Amino acid sequence: MRTRNTTTRNTISAAARKQFLAHGYAGTTLDKIAEQAGLTKRTIYGYFPDKKTLLASVIEEVIGSHWRIEELPSRVTTKQELYDELLALTEALESIITQVEYIQLLRIAVAEVHQQPDLVILFERSVTNRSYRIAMQLFREAANSHIVIIPNGAEAIARQFVGSFATRILLGGLLQPEPRIEKQSSHELELYVSGFIEQVNNKSVPH
C-alpha cells in the first residue's frame with residue numbers, strides 16, 4: 001500500500017510540476033493537474049489539501065536530498081569542522097540554485113505572491129533562508145568554541161556568507177528573461193569558504 005501511495009503521490013507531483021511550469025500558478029488548476037496525472041481531483045485532495053501546498057511540495061522535490069546538511073553536529077569544535085560544514089552548505093546551495101526548474105518555480109511564486117499572500121510560506125522555507133539558518137548555527141557554535149571571533153554576532157556573519165548566493169539567484173535567475181546561473185567549480189567554492197573564514201578571523205568582514 002505504501003508503494004502504491006508513493007507512486008500516486010509522485011504521479012501527482014510530476015503532473016503539477018509540468019502544469020506550473022507551463023501555465024504558472026494562477027493558470028494551473030487542480031482539474032488540469034488531475035487530467036495531466038490521469039487521476040480524479042478527489043484523489044489529489046487525498047494527498048494535497050490545496051494548490052499552494054502542492055506548489056510547495058513541487059519546489060521541495062526540486063531541492064531534493066541536498067539538505068542532508070540539516071543534520072548538523074551538536075558542536076563545532078575545530079576550524080576543519082567549520083570548514084567542512086560550510087563547504088557542504090555551499091555545495092548544496094550551488095546544486096540547487098543552478099537548477100533551471102528551481103529558478104522557474106521560484107519566479108512563479110514571486111509573480112503570484114501579491115495575489116496569493118499565503119505563498120509567502122515558500123519564502124520562509126526557501127533555499128536562502130534555510131541556508132542562512134544553518135550558517136548562523138554553525139558560526140554560533142564556532143564562536144562558542146573560540147574558533148572564530150564574531151563581535152557582531154552570528155546572524156550578521158551568516159547573512160553575509162549566504163548573501164553572494166542570494167545575489168546570484170536574483171541577478172542570474174529572477175531578473176533574467178531566461179534564467180541561467182553559471183555553476184561554480186569545487187575549487188571556487190573551497191576558496192570562498194576558506195577565504196570567508198579567514199576574513200572572519202581577521203575581523204575584516206564588513207558589517
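Residues are numbered from 1 along each chain as its sequence is written, and side-chain values use heavy atoms, with hydrogens and water left out.

**Confidence**
- The protein chain has a mean pLDDT of 85, with 88% of its residues at 70 or more, pLDDT being the predictor's confidence in each residue, from 0 to 100.
- Confidence is lowest in helix α7 (residues 120-124), at a mean of 66, and highest in helix α2 (residues 30-37), at 96; helices are DSSP runs (H or I, at least four residues) numbered from the N terminus.
- Where pLDDT is low, the predicted coordinates should not be read in detail.

**Packing of helix α5**
- The axes of α5 (residues 79-97) and α8 come within 10 Å and cross at roughly 175°, which means that α5 is roughly antiparallel to α8 (angles over 145 degrees).
- This contact (heavy atoms within 4.5 Å) involves residues including Leu82, Glu85 and Leu86 of α5 and Val127, Ser131 and Ile134 of α8.
- By class, the contact of α5 with α8 has 12 nonpolar, 1 polar and 1 charged residues, where Ala, Val, Leu, Ile, Met, Phe, Trp, Tyr, Cys and Pro count as nonpolar, Asp, Glu, Lys and Arg as charged, and the others, Gly among them, as polar.
- The axes of α5 and α9 come within 11 Å and cross at roughly 5°, and therefore α5 is roughly parallel to α9 (angles under 35 degrees).

**Largest pocket**
- The largest pocket, with a volume of about 150 Å³, is lined by 12 residues, among them Leu106, Thr128, Ala166, Ile169 and Leu174, which lie nearest its centre.
- A pocket is an open set of points on a 1 Å grid where a 1.4 Å probe fits, with protein on both sides within 12 Å along at least five of seven lines, and lining residues have an atom within 4 Å of a point.
- Helix α9 gives the most to this lining, with 4 residues.

How values were computed:
This is a predicted model: local features need pLDDT of at least 70, side-chain atom pairs count only at pLDDT 80 or more; totals for chains, interfaces and linings use all residues. Grid points are joined across faces, edges and corners, and a volume is the space filled by probe spheres set on the points. Helices (H or I, at least four residues) and strands (E, at least two) are DSSP runs, numbered from the N terminus. Axes are lines fitted to C-alpha atoms, for helices over the stretch in contact, and angles run from 0 to 180 degrees between N-to-C directions. Angles under 35 degrees count as roughly parallel, over 145 as roughly antiparallel, 65 to 115 as roughly perpendicular and the rest as oblique.
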